[in-house]
Amino acid sequence: MFTGLVEELGTVERVIQDADTSVHAIRLLVRAPAVSKDAVLGDSISVNGCCLTVVKKTRSVLAFEAGSETLSRTNLGKLTTDSRVNLERSLQLGDRLGGHLVTGHIDGQAKLVERRDEGDWSHFTFRADRGLMRQMASKGSIAVDGVSLTLVTVKSDRFSVALIPHTLAHTTLGLLKVGDSVNLETDLLAKYVERSLASYA
């Protein structure tokens with residue numbers, strides 16, 4: 001489990017395609033001086049909101065692997081050398097929960113359709129699949145590329161968020177341009193509520 005509070009902006013050093021061309025998979029090498037200090041093999045790390053396992057560690061570089069399911073649901077397949085990624089280590093029992101409960105299991109992607117900057121603040125509007133929109137509510141929580149945010153407006157096919165200067169400066173969200181895709185994880189409780197209601201329909 002994660003909180004959606006980014007610990008470090010990592011930098012992709014290399015993206016390696018699987019040698020077996022029949023397999024849709026990559027190995028991701030990420031430079032992360034802060035997060036890598038305490039990381040060990042097998043640790044779960046949120047990379048742009050996606051829970052990945054550390055498969056190798058060399059000094060300040062962490063290696064992760066992503067297979068076809070992950071690549072089909074996330075924006076990780078679009079990463080290239082020097083791409084920035086949001087990183088967060090998994091929670092330990094007793095840790096303070098500052099954001100909201102995030103599993104690191106990506107539900108889908110959204111596209112930035114409007115960015116309105118007001119001084120050091122920004123308002124973003126994303127378009128997403130209507131199925132995901134049913135799991136969102138104004139003033140509820142959403143994880144965008146692993147960043148815990150509060151939903152402002154929620155419509156049938158889009159939602160908006162307001163970003164404070166700290167979030168813009170310390171996550172990849174400040175680098176987003178109209179047309180960019182982001183990973184989404186809707187609120188865990190919303191999934192169970194929707195599932196329960198569907199069983200009575």
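Predicted model: local features only at pLDDT ≥ 70, side-chain atom pairs only at ≥ 80, totals over all residues.
## Two barrels

Six strands form a closed barrel in the order β1-β2-β5-β4-β3-β6, and their pairing is antiparallel. On average, neighbouring strands of this sheet are turned by 45° against each other, direction ignored.

Strand β9 (residues 141–144) pairs with strand β12 (residues 181–186) in the antiparallel sense, over three bridges. A143 faces E185 in β12.

## A buried threonine

Strand β8 covers residues 121–128 and contains T125. The relative accessible area of T125 is 15%, so this residue counts as buried. Leaving aside residues up to four places away in sequence, T125 touches K111, L112, V113 and E114, as well as R158, F159 and S160.

## A nonpolar patch

On the surface, M1, L97 and L101 form a nonpolar patch, and together they have about 260 Å² of accessible area. M1 belongs to the segment before β1, which spans residues 8–17. With a relative accessible area of 40%, M1 is partly exposed.

## Salt bridges

The model has eleven salt bridges. In one of them, D107 is joined to K191, with the closest N and O atoms 3.0 Å apart. D107 lies in the loop between β6 and β7, while K191 is in helix α4 (residues 188–200), so this pair ties together parts that are 84 residues apart in sequence. D107 is partly exposed, at 21% relative accessibility.

A salt bridge also links the side chains of R116 and E118, at 2.4 Å from N to O. Both partners are partly exposed: R116 has a relative accessible area of 39%, and E118 has a relative accessibility of 41%.

The side chains of E194 and R134 form a salt bridge as well, at 3.1 Å from N to O. Because E194 is in helix α4 and R134 in the loop between α2 and β9, the pair ties together parts that are 60 residues apart in sequence. E194 is partly exposed at 24%, whereas R134 is exposed at 61%. Elsewhere, salt bridges that share partners join E7, D38 and R89 into one network.

How values were computed: Residues numbered from 1 in each chain as written. Heavy atoms only, no water. Helix = DSSP H or I, 4+ residues; strand = E, 2+ residues; numbered from the N terminus. Buried < 20%, exposed > 50% of the residue type's maximum accessible area, 1.4 Å probe, protein only. Contact = heavy atoms within 4.5 Å. Pairing = 2+ DSSP bridges. Axes fitted to C-alpha atoms, helices over the stretch in contact; angles between N-to-C directions. Patch = residues over 30% accessible without salt bridge, like charges linked within 9 Å, V, L, I, M, F, W, Y side chains within 5 Å. Areas by Shrake-Rupley, 256 points an atom, 1.4 Å probe, with all protein chains shown as cover. Salt bridge = Lys/Arg side-chain N within 4 Å of Asp/Glu carboxyl O.
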